[in-house]
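Visitor: Could you walk me through this structure, feature by feature? I would like to learn how each one is read.

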Amino acid sequence: MRLSIVTQFYPPDYAATGQLIEELARHLTIKGINVQIFAGQPGYAYDQPFAPAYEIQEGIQIRRTRTSRIWPKRIRGRAIGGLLYCLRALVKLRKPIRQGDLFLVTTEPPYLLLIAYLLHLVYRRPYICLVYDLYPEVAVILGVLPAKHWLMRAWKWLNHLTWRQAQAIIVLSSTMKERILTQCPELEPRITIIHNWANAEQIYPLAKSENWFAREYGLDQVFTVLYSGNLGRCHDLVTIMTAAYQLRNDPVKFIFIGGGAKLPLCKQFAEKHGLINCLFLPFQAKEILPYSLTACDLSLVSLEEGMEGVVAPSKFYGCLAAGRPIAAICEPHSYLRDIISTADCGRAIKNGDAPGLANFIGELMANPDKAARLGKNGRAYLQQHYTLDHIAQEYYDLIMACQK
């Protein structure tokens, strides 16, 4: 069984989707699948040198194109880089040896699914769509273009075309499945919900007093609230920054690790209001995550209003593995609310409810035993449902079913 995974982001890039694909590829290789990757150069780790154009890691063949690394800090640059990556993928994957028996194609970049459809049309290779983010809905909600714009209508038409020809469609949440079914109800039998995961063996609870990362930044001496990951347009940072302002005179520290379009706005807000309780750090290498994710007393996950079912925060699962309580800022119908309620691992906060977030932080500060219990519950729930072993088996079963 030869599987070709097509995704723009892959380590040494910092993008969470690429790191997840790497872990998945290794597990599928162990299960006997011959995996090859076609990726681009690091787009988030733009400060790193070019990765090798070809290499083999633990039996996984990795090919990278250099055309996708253009103006990585700018939206237009990333859009152009993504288009060039897609064109390069179409050229390179014409060779049968690189196609494998089945394609697993991600929405990184979002127009990559069209390449899978074209390869299927010409070479009759089956493919699976892995939908990380639902486009063009993201662009519409963010106000990039109106929903009735001809480009948005054409994009949706192409999505429907590629979905209908796919062997299967993988989505990350129940609400994402619902979004697709409102457009194409006939696809219900082909859609499978497979959540993201976290490596519970790599990321595990660690006391701040024993955590070098926490000690290095003075987080072991104060109640710490952590937001780790992309600070992008799809994430509600206003509610978090407002809560930080409301707690500016309390013994609590907000630490933001990562980058994105909203990072400058958060820094400007903190500077304008003199928030010395906010600390901003860059993306951390994967080997640092076990320490950075446990250098806190509360983890934050957020989605901007309107984004439910359009994107799914992968950081949520790492927070569960870290054994820390979680505050998820999301809409009332979010799937995150269902998980948090079932697992009893934190609290869901409505978008804009900064006082509610501040009050929850105050509750945990006043009741360390409750915080410990919630964190322990979350990790136990992850170990039951969202470990790499569990999720890799779901991928394996689906991949093998698509070959029958």
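Guide: Let's start with Thr107, which counts as buried because its relative accessibility is 3%; buried means under 20% relative accessible area, exposed over 50%, partly exposed in between (1.4 Å probe, protein chains only). This is a predicted model, where local features need pLDDT of at least 70, side-chain atom pairs count only at pLDDT 80 or more, and totals for chains, interfaces and linings use all residues. Residues are numbered from 1 along each chain as its sequence is written, and side-chain values use heavy atoms, leaving out hydrogens and water.

Visitor: Where is the place of Thr107?

Guide: Helices (H or I, at least four residues) and strands (E, at least two) are DSSP runs, numbered from the N terminus. Thr107 sits in the loop between strand 5 (102-106) and helix 4 (113-123).

Visitor: Which backbone nitrogens does the side chain of Thr107 reach?

Guide: That of Tyr132 at 2.9 Å, and that of Asp133 at 3.3 Å.

Visitor: Which residues have the most contacts inside the largest nonpolar core?

Guide: As a general idea, nonpolar side chains tend to be buried together in soluble globular proteins. A nonpolar core is a set of buried Ala, Val, Leu, Ile, Met, Phe, Trp, Tyr and Cys residues joined through side-chain atoms within 4.5 Å. Here the largest has 66 residues, and Ile37, Phe316 and Tyr395 have the most contacts inside it. Helix 16 (residues 388-402) gives the largest share of this core, 7 residues. Another core, of 33 residues, lies apart from it and includes Leu112 and Tyr117.

Terms used:
Polar contact = N/O pair within 3.5 Å; in protein donor to acceptor, adjacent residues only side chain to side chain.
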